[in-house]
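Q: I'd like to learn how to read a structure like this one. Can you walk me through it?

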Amino acid sequence: MRGFLLNRLSQSLVLLLIVSVIGFVVLNLIPGGPLAQFGLDPSMTQDDLDRLKEQLGLNRPLWMQYLDWAWRLVQGDWGHSFRDGAPVLDVIGRHIFATLLLMGSSTVIAIAVGTWIGIRGATHRYSVFDYLGTVGAMVALSIPTFWFGLIGIYVFSLQLGWLPAGNMYTIGDGSALNYMHHLILPSIVLALVHVAIWSRYMRSATLDVISQEFVKTARAKGLSERRILMKHVVGNALLPMITLAGVQLPSVLTGALVTETVFTWPGMGRLFLDSLGYSDYPVVMGLLMFSAILVILGNLIADIAVAVIDPRIRLS
Amino acid sequence: MTAIAANSNLDRWWNSRTARRFMSHHLALLGMVMIALLTLACVLGPHLLPYDSLYIDLRARFAPPLTGSHYLGTDPLGRDVAARLFMAGRISLLVGFSAMLLSTLIGTLVGVIAGYRGGWLGMALMRTVDGFLSFPSIFLVLALAAALKPSPIMITVVIAVSSWMEVARIVEAEVRSLREREFVQAGRMLGLSGTHIMFREILPNAIGPIIVAATLTVARAILMEAYISFLGYGIQPPLPSWGNMLNGAQQYLGTAPWLAIIPGAAITIAVTSFNFIGDGLRDAFDVRGD
């Protein structure tokens with residue numbers, strides 16, 4: 001287990017390093033680079049800009065600038081928002097709860113529905129249900145998330161009036177029920193694509209497990225199909241899904257950004273777009289790096305969880 | 001498994017081999033037909049319709065579909081939605097297709113070199129692939145699109161930069177397994193150059209998985225263009241794209257829902273079709289996919 005942990009940790013560190021290099025390249029592609037803020041200020045002359053460049057060490061070779069920038073990231077100094085001067089990490093921290101709430105609830109929906117569709121598709125292979133599941137998944141993967149959100153708002157908010165069209169809660173009403181009511185539509189919208197992905201993987205994982213020897217043994221012992229499915233098949237099929245949950249993180253974050261925009265949900269995605277609109281590059285860069293770190297961390301946790309549950313992996 | 005198998009009449013008909021073959025191949029065919037029709041409509045449509053996509057008629061604002069010869073209605077400036085939809089389709093399909101070509105080129109190049117050379121170079125290239133995959137694609141694309149000047153060509157490049165990694169992974173795995181085969185060793189003994197072996201001997205044998213991945217990349221590129229144009233950082237008006245037609249649609253959702261429904265349906269149809277074709281090709285080439 002120690003060897004596995006060390007190996008996996010070092011992989012994540014290498015990945016962090018590469019991600020930071022990519023982030024640094026993006027930062028320098030932004031017009032004005034790290035000085036973009038001052039380029040917008042009419043009272044700054046070119047002389048001022050040059051002096052600032054000198055002071056901030058932006059005349060040094062790029063690799064030295066990179067080391068400097070990366071070292072400040074490690075120390076937690078991610079710069080300050082152009083908009084209100086608050087530290088970038090604080091700004092992100094204010095928005096992370098809303099995003100995690102949305103991602104969490106939609107992941108629960110995706111896992112529950114996707115697992116059910118996947119297992120039923122595998123046990124009733126080539127049935128009408130299985131076929132509709134397969135085609136439905138392909139169509140679901142093709143629907144733009146924001147469009148599905150707009151249709152949802154049109155039907156359930158504007159026509160039927162059942163669900164709110166946006167925001168996380170009604171002002172003046174902070175009850176849990178109110179939050180839940182606002183959460184229903186965006187989390188279903190965000191879940192759609194992942195129900196599709198989850199059901200496809202669950203179907204093939206279940207088919208893999210069903211064809212294995214121990215399932216034959218269980219059947220030969222005379223166990224009921226239901227018991228075999230619940231006790232022997234589902235548990236084994238769910239294991240690789242933990243890894244999948246980690247791998248899917250970037251696409252969940254992408255979906256969250258779009259969903260938050262449509263539903264004016266005050267999370268990180270909404271913050272990212274607002275910051276882009278204000279050319280608030282420190283926050284944009286911060287969110288870019290933060291989301292990548294979140295993804296690397298999520299994958300690391302998923303792999304460790306699988307290793308803890310499954311001795312075959314940590315011992316190999 | 002037999003015990004759990006369903007046995008309704010419907011399922012019994014369904015299980016006949018003919019029904020299965022018919023369906024599996026015809027989904028891909030349906031996709032091909034849809035794409036052909038869409039392309040045809042986008043090429044010919046603007047010439048057949050009585051309105052220009054940029055013609056503004058403030059007396060005919062918000063006309064619902066089937067008003068006179070505004071078959072799909074008009075937008076807040078009184079422009080014909082059908083004319084705009086077809087012009088937008090030209091842009092969206094072109095951007096999707098070009099982004100696919102570029103990202104397949106990058107991905108194939110990286111994959112072939114990483115898979116054939118291996119060693120530290122292969123390692124470095126594949127870790128870079130992992131690095132790019134760690135970013136939620138839309139964050140990366142939006143940051144780049146906002147930083148660079150948004151022209152259709154730049155948007156295409158930015159989308160390609162965010163979507164070459166899948167192809168690279170597939171090609172790398174394929175090339176790595178082909179590298180040890182006899183015909184490659186024979187090529188080496190004949191004294192062929194590395195470049196020749198990589199691109200002339202190995203690559204043609206990996207063409208199946210590349211075509212499958214490329215088809216699915218078109219679908220993803222069209223979706224990505226729609227996302228960033230919807231958010232206002234993609235194709236800029238007055239040039240219409242399916243994504244930016246949806247850009248202002250949310251505020252008119254209650255009064256003019258067709259402004260949101262129609263372009264989104266076009267995107268969904270195009271993307272679904274490419275996904276169907278990709279799935280059919282996967283079966284045809286017998287590629288094990290995920």
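Here is a short chat about annotated spans and the nonpolar core.

Q: What kind of model is this?
A: This is a predicted model, so let's keep that in mind as we go.

Q: Which residues of chain A does UniProt list for "transmembrane region"?
A: An annotation like this comes from a record, here an unreviewed entry. For chain A, UniProt lists residues 12–30, 96–119, 131–156, 176–197, 237–263 and 283–309.

Q: How much helix is there in residues 131–156 and 176–197 of chain A?
A: Take a listed span and look at what the chain does there. Residues 131–156 of chain A are 92% helix and 0% strand, with end C-alpha atoms 28 Å apart. Residues 176–197 of chain A are 100% helix, and their end C-alpha atoms lie 30 Å apart.

Q: Where does UniProt place "domain: ABC transmembrane type-1"?
A: The unreviewed entry puts that feature at residues 96–306 of chain A. That span is 82% helix and 0% strand, and its end C-alpha atoms lie 26 Å apart.

Q: What about residues 27–49 of chain B, how much helix is there?
A: UniProt's "transmembrane region" annotation for chain B, also from an unreviewed entry, includes residues 27–49 and 128–147. Residues 27–49 are 96% helix, and residues 128–147 are 90% helix.

Q: How many residues does the largest nonpolar core have?
A: In soluble globular proteins, nonpolar side chains tend to be buried together. Here the largest nonpolar core has 162 residues, and those with the most contacts inside it include A:Leu287, B:Phe139 and B:Val141. Helix H3 (residues 81–117) of chain B gives the largest share, 17 residues.

Q: Which residues does B:Val141 touch, not counting those up to four places away in sequence?
A: Among them are B:Val158, B:Ile159 and B:Met224.

Technical notes. Residues numbered from 1 in each chain as written. Chains lettered and ligands numbered in written order. Predicted model: local features only at pLDDT ≥ 70, side-chain atom pairs only at ≥ 80, totals over all residues. UniProt positions renumbered as here; feature names shortened; annotations may be inferred. Helix = DSSP H or I, 4+ residues; strand = E, 2+ residues; numbered from the N terminus. Core = buried A, V, L, I, M, F, W, Y, C linked by C-beta atoms within 7 Å. Buried ≥ 20, exposed ≤ 12 C-beta atoms within 10 Å, placed from the backbone. Contact = placed C-beta atoms within 7 Å.
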